[in-house]
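Subject: Model for your files

Hello,

Here is the structure I said I would pass on. My notes follow below it.

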Amino acid sequence: MDRRTFIRGSGIAGIAALAGCTGGPTEGSGSNDSENGNGTGDGDGDGSSGSAEVSANVGVVYATGGLGDGSFNDQAQQGIQQAESELNISYNDAQPDEVSQFKSFQQQFAQSTNPDYDLVCCIGFLQKSALAENAPDYPDQNFMIVDEVVEEPNVASYVFGEEEGSFLVGQLAGLLTTREFSAGSGSTNPDRASVGFVGGVEGSLIGKFEAGFIAGVARANADAEVQSTYVGDFNDPAGGKEAALAMYNSGADIVYHAAGNTGTGVFEAAQEAGRFAIGVDQDQSKTKSNYADVILASMVKRVDTAVYTSVENVVNGEFDGGNVTTLGLEQDGVEVVYGQQLGGQISGDVKSEIKASQQAIIDGEISVPADPANV
Amino acid sequence: MSNAVASRAGLSTRRLAGLALGAAVALFVLAGVAMPDSTPGKVLRVAFTKSALAATLRLSVPIAFAALGGIFAEKSGVINIGLEGLLIISAFVAVYAADVGGSVWLGLLVGVLASTLLAGLFAVVCIEFRADQIIAGLAVWLIALGLAPFASQAIYGGPNTESLEGSFGTITVPVLSEIPFFGALFDANPVVYLMFAAVGLSWYALNRTSFGRWVVASGENPKALDTAGVNVTRVRYAAVLLSGVLAGFGGAALSLSLGQFIGNGATMVNGKGFIAIVAYLFGNYNPVGALLSTFLFAGLDALQIRLQAAAIIAVPQSLVRTIPYVAVIVVLALFGRTRIPEAAGDHYESGED
């Protein structure tokens with residue numbers, strides 16, 4: 001019996017140790033930054049000397065998809081890396097696994113005194129409720145949140161006009177679906193006017209993408225059908241693949257995703273089916289270059305601009321707490337970027353039509369709905 | 001006496017409810033066939049497509065393999081609720097090995113090996129050291145849940161690995177793959193064929209070989225098996241290792257057919273190991289039954305995706321997503337008739353020492 005108790009005890013201790021390994025903010029950016037191993041990890045190691053040299057210390061809490069999604073989180077990381085090299089700041093980041101961890105990661109950064117963080121960046125709309133609780137508890141800590149509005153004097157909120165950018169890629173899809181078009185590994189199915197949308201988690205944010213996309217498709221072709229599926233997860237590429245394959249098999253030829261890492265499965269499905277996909281957040285024909293042969297375009301959302309701007313404001317002593325900054329087409333917060341490999345083969349008249357719509361949206365001639373219920 | 005009456009009454013209510021459900025399904029199908037433009041008709045039209053069957057087969061692979069593994073372990077008397085962990089570990093190791101070795105088949109092999117090793121550890125803890133099987137099974141799951149994302153973090157700098165270039169591809173049987181609906185059976189990933197082969201072999205091994213009889217006896221009446229001169233411990237080791245091999249195929253197939261391991265949250269396995277347990281219990285420890293109940297779940301999952309996209313039923317999409325889970329619970333409650341092996345969960349000590 002003693003032996004059993006021992007085994008059980010050591011097993012539980014081992015599990016606890018392993019569980020400990022997986023949590024907690026990761027130290028420094030250098031360790032998981034394969035592109036430019038600039039070794040800031042060393043600077044972060046001895047925080048006291050580091051904070052004396054740098055102009056600001058920033059904590060970043062990423063969304064649940066984690067880094068390496070080639071999408072939302074990577075775009076945010078790009079912003080903080082740009083700030084690191086241009087504004088001489090130092091940063092630490094945390095990659096929560098679950099929504100329930102947001103609160104504690106935010107608190108860890110807010111409580112930390114070594115280094116004392118000048119700004120905590122909360123990436124993603126799911127952090128709203130955690131931040132709404134934390135912000136009043138740490139009135140001296142500056143926060144910024146992307147994709148949501150938290151009305152507290154110490155929180156700067158950045159939201160995007162996703163529906164405007166999605167409208168343009170919707171129009172692109174609507175124009176191409178009835179044309180004979182083949183490029184890279186994909187081709188359209190001109191007999192059917194059918195396109196698809198794969199969303200991550202239902203909510204007002206992804207609803208903006210869906211609404212804009214549907215409106216854009218309708219503007220290009222009023223008879224086109226939009227198949228719309230939510231996978232229920234931003235990090236389930238297998239689910240994304242199944243959802244997109246179902247659409248391609250029932251006649252869709254272009255699928256747009258707003259689903260973070262789940263979208264990788266959409267690209268995988270596009271390759272398998274020989275159809276096209278539209279990326280999101282970053283130029284995914286670059287960040288997911290394996291799939292450049294099926295990515296027509298990406299609806300780029302400049303999360304990096306939001307992160308960089310907020311850090312810059314803090315460095316300049318102009319933190320805009322309590323303000324909401326909206327980054328739409330007009331502010332270059334969202335834009336359509338054609339695929340690296342396929343973009344050149346999309347005909348000029350399609351591109352000029354999209355350019356015209358872009359101007360019309362900026363001028364207020366087209367109003368884009370932000371809620372799928374209003375399309 | 002009154003107890004017996006009550007239980008008989010309970011049974012018949014259950015049977016009545018089961019009959020009612022069956023009648024409702026039959027009515028639905030009939031309505032669908034009679035009126036192709038009604039909602040049931042539309043549902044049937046998206047359900048009976050080649051693409052839905054193909055998706056069902058793909059979604060079944062990890063669950064069916066894990067269920068087969070669970071059958072062998074539990075039949076021999078060792079309840080292996082660590083199947084989820086075995087799937088996770090093999091899913092990660094397979095992608096890593098395929099990435100390093102450059103071949104998905106090598107990845108599959110190494111993934112199976114990793115899962116077998118972890119199952120071996122579980123077997124030693126349960127059989128040699130007589131740990132509680134449920135606790136040890138949970139430990140297997142938790143170890144894998146921590147270890148795989150941690151290793152991915154160390155190697156790839158994040159809980160998700162990079163995407164692999166190659167994949168299994170598909171094996172297409174000419175002519176047969178042209179058949180509507182059932183053609184999907186002849187136009188599939190090699191792991192789908194492996195799954196069918198594994199189900200057939202498992203059924204044969206359990207029902208037609210002496211090893212199968214030993215496994216069953218070890219779970220039902222280990223003392224009798226011991227008396228007959230067969231080493232119960234050895235049979236149980238073999239069965240648990242076999243469950244590791246089978247679950248390893250499932251986990252490796254899951255990650256390799258996507259070309260990436262996802263380690264965030266509940267990882268890409270996301271409960272498939274636990275669904276596998278339900279599948280083999282519902283299948284009453286019969287490999288073929290387990291496969292069929294896997295098909296039920298996977299088929300409803302494939303249907304759910306199509307119902308969302310086609311917007312046939314006017315309910316929120318998050319509700320549509322729960323269809324497979326709700327259906328499995330209902331079916332399990334109404335039709336499940338599982339008899340757990342007599343000695344499952346008990347340690348057996350030979351009288352000699």
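A residue is called buried if 20 or more other C-beta atoms lie within 10 Å of its own, exposed if 12 or fewer, and partly exposed in between, with C-beta atoms placed from the backbone. Helices (H or I, at least four residues) and strands (E, at least two) are DSSP runs numbered from the N terminus.

This is a predicted model, in which local features need pLDDT of at least 70 and side-chain atom pairs count only at pLDDT 80 or more, while totals for chains, interfaces and linings use all residues. Residues are numbered from 1 along each chain as its sequence is written, and chains are lettered from A and ligands numbered from 1 in the order in which they are written.

Strand β8 of chain A (residues 194-199) is largely enclosed by the rest of the structure, because six of its six residues are buried. In a regular strand, side chains alternate between the two faces of the sheet. Both faces of β8(A) are covered: A:Ser194, A:Gly196 and A:Val198 are buried on one side, and A:Val195, A:Phe197 and A:Gly199 on the other.

β8(A) runs parallel to β9(A), joined by six bridges (strands pair if DSSP finds at least two bridges between them). Here A:Val195 is opposite A:Val226 of β9(A). β8(A) also pairs in the parallel sense with strand β10 of chain A (residues 254-258), over five bridges, and A:Val195 is opposite A:Ile254 in that strand.

As for the interface, 40 residues of chain A are in contact with 35 residues of chain B (C-beta atoms, placed from the backbone, within 7 Å). α1(A) gives the largest share of chain A's side, ten residues.

Regards

Terms used: Two residues are in contact if their C-beta atoms, placed from the backbone, lie within 7 Å.
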